[in-house]
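Okay, everyone, thanks for coming along. Let me put the sequence and the model up, and then we'll walk through a few spots together.

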Amino acid sequence: MKTLSIDADRLLGRLRNLGQIGRDSDGRLVRLAGSDNDKAGRDAFVAWIRSAGLEVAVDRIGNIFGIWRDDANTNHTPVLLGSHIDTVINAGIYDGCYGVLSGLEVIETLQASGFVPANPIAVAAFTNEEGVRYAPDMMGSLVYAGGLPVEEALATVGTDGTTLGAELERIGYAGFEKPGFLKPHAYIELHIEQGPVLEREGMPIGAVENLQGISWQRVTIEGEANHAGTTPMSMRRDAGHAAARVVTFLRDRARRANTPTVATVGCMSFEPNAINVIPSRATFTVDLRDPDEGRLQAEEAALAAYLKELAAAEEVTISVERLARFQPVAFDKNIVELIEDAARKRGLASKRMTSGAGHDAQMIARIAPSAMIFVPSISGISHNPREHTPDADLVAGANVLLDVVTRLSAQ
């Protein structure tokens with residue numbers, strides 16, 4: 001069989017078309033899960049699925065599937081491709097959408113070539129990967145993999161007081177299929193890196209072999225409000241100062257370690273939040289990540305020990321709430337090797353790497369052999385309108401996906 005290539009104009013055109021759907025009055029791309037803008041993006045995707053002659057299926061959590069199967073392989077499990085099309089606020093056009101539209105493009109290319117797959121091939125757009133309006137993130141794939149009951153997910157209350165189930169019903173994407181109805185033979189997710197490694201090293205393809213574990217916690221420190229001018233430094237129970245000590249502890253510990261551990265305090269608020277009042281309360285989040293479960297547990301334990309020590313030293317009370325916890329994921333070695341081999345045969349260098357961000361693939365890996373393909377992100381920028389990947393890299397990644405899917409679906 002001669003070497004196939006995807007239709008670059010069709011893929012890039014759809015990517016840009018989808019990138020214009022869901023713009024607000026300020027021109028920002030905002031397709032939050034369950035919103036009217038999400039509906040518009042979903043409608044466009046479903047129209048493209050139907051134009052390809054694929055079967056359309058929607059499950060109860062709103063995951064959308066385009067399925068290519070025939071009488072010869074109808075009883076076989078599918079090779080599943082996909083990602084998500086919901087966005088953050090003021091997003092770029094590539095995150096998630098590239099993987100979904102490339103999956104569809106791969107199927108259409110194989111259809112046009114006359115290829116007859118031994119397994120069905122399907123493309124998925126998973127609901128609420130970003131988790132901006134409804135928590136947790138990666139919800140659609142988590143429910144699909146059996147990690148969260150569908151009724152619990154549908155009852156989730158969003159940041160605006162709505163419930164996800166009611167919003168999916170309102171926009172017409174409360175499907176009837178049971179989540180997990182389509183058990184994959186294998187799952188591949190093509191994605192922009194969202195980091196600077198591939199661009200910095202001049203590598204066009206990343207063969208993602210694992211994904212970092214994630215620990216999210218909310219820490220609340222209770223001190224005592226008092227006058228900023230009259231209270232001596234030695235007599236303060238300053239929740240704000242205690243919070244600052246945690247930030248520097250985490251940063252210093254991560255920077256000293258000879259490991260890939262990263263630590264971030266992304267949200268922080270003080271009460272009463274007045275310039276001339278010592279903070280009585282500080283509330284902040286801690287995001288810990290590491291690809292090794294043992295190291296991640298060690299970082300969690302180190303933080304807990306430090307908070308206990310800090311509470312005594314600063315005469316404050318500290319409480320911790322766990323927000324999310326995902327173990328590291330090791331992707332399927334055979335699929336990772338297929339990705340490397342496909343890149344090599346296309347004359348493309350590749351790099352084995354860890355994903356620092358969470359993706360739907362980490363959920364689907366619970367139920368099927370899975371892996372990811374990365375392409376470079378310029379300056380590592382993502383979740384930002386400046387997010388960009390050159391067209392040549394987008395096409396190269398889709399062609400590697402095409403070759404891997406051809407091999408997997410012929411098995």
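So, E315: buried or exposed? E315 is exposed, because its relative accessible area is 53%, and the cut-offs are under 20% for buried, over 50% for exposed and partly exposed in between, with a 1.4 Å probe and protein chains only. You'll find E315 in the loop between α9 (293–314) and β11 (317–326). Its phi is near 55 degrees, a positive value in a residue other than glycine.

Quick housekeeping before I go on. This is a predicted model, where local features need pLDDT of at least 70 and side-chain atom pairs count only at pLDDT 80 or more, while totals for chains, interfaces and linings use all residues. Residues are numbered from 1 along each chain as its sequence is written, and side-chain values use heavy atoms, with hydrogens and water left out.

Q194 also has a positive phi, about 65 degrees, although Q194 is not a glycine. It sits in the loop between β5 and α7 (197–201). At 19% relative accessibility, Q194 counts as buried.

Now let's zoom out. How many helices and strands does the protein chain have? There are 12 helices and 14 strands; these are DSSP runs numbered from the N terminus, helices being H or I with at least four residues and strands E with at least two. The radius of gyration is 23 Å, close to the 22 Å that the globule rule gives for 411 residues, so the chain is as compact as a globular protein of that length. That radius is taken over C-alpha atoms, and the rule is 2.2 Å times the number of residues to the power 0.38. If you want a box, the C-alpha atoms fill one of roughly 80 × 45 × 40 Å along the principal axes. Buried residues make up 55% of the 411.

What about contacts, meaning heavy atoms within 4.5 Å? Of the contacts with a separation of 6 or more, 80% are between residues 24 or more positions apart. D38 is buried, with a relative accessible area of 2%. Leaving aside neighbours within four places in sequence, D38 is in contact with R31, L32, A33 and I171.

On to the rings. The structure holds seven aromatic pairs. Rings of Phe, Tyr and Trp (its six-membered ring) pair if their centres lie within 6.5 Å; planes under 30 degrees apart are stacked, over 60 edge-to-face, and the rest tilted. Why is the pair of F65 and F181 called edge-to-face? Their centres are 5.3 Å apart and their planes are at 90 degrees, so edge-to-face it is. F65 lies in strand β2 (residues 64–68) and F181 in the loop between α6 (164–171) and β5 (186–192), so the pair ties together parts that are 116 residues apart in sequence. F65 is buried at 0% relative accessibility, whereas F181, at 28%, is partly exposed. Ring pairs also link these two with F126, Y144 and Y187 into a cluster.

Last stop: the cis peptide bonds. The bond from A135 to P136 is cis, with omega near 5 degrees, and P136 lies in the loop between β4 (121–125) and α4 (139–144). The bond from E271 to P272 is cis too, again with omega near 5 degrees. P272 has its place in the loop between β9 (268–271) and β10 (281–290).

Terms used. Contact means heavy atoms within 4.5 Å.
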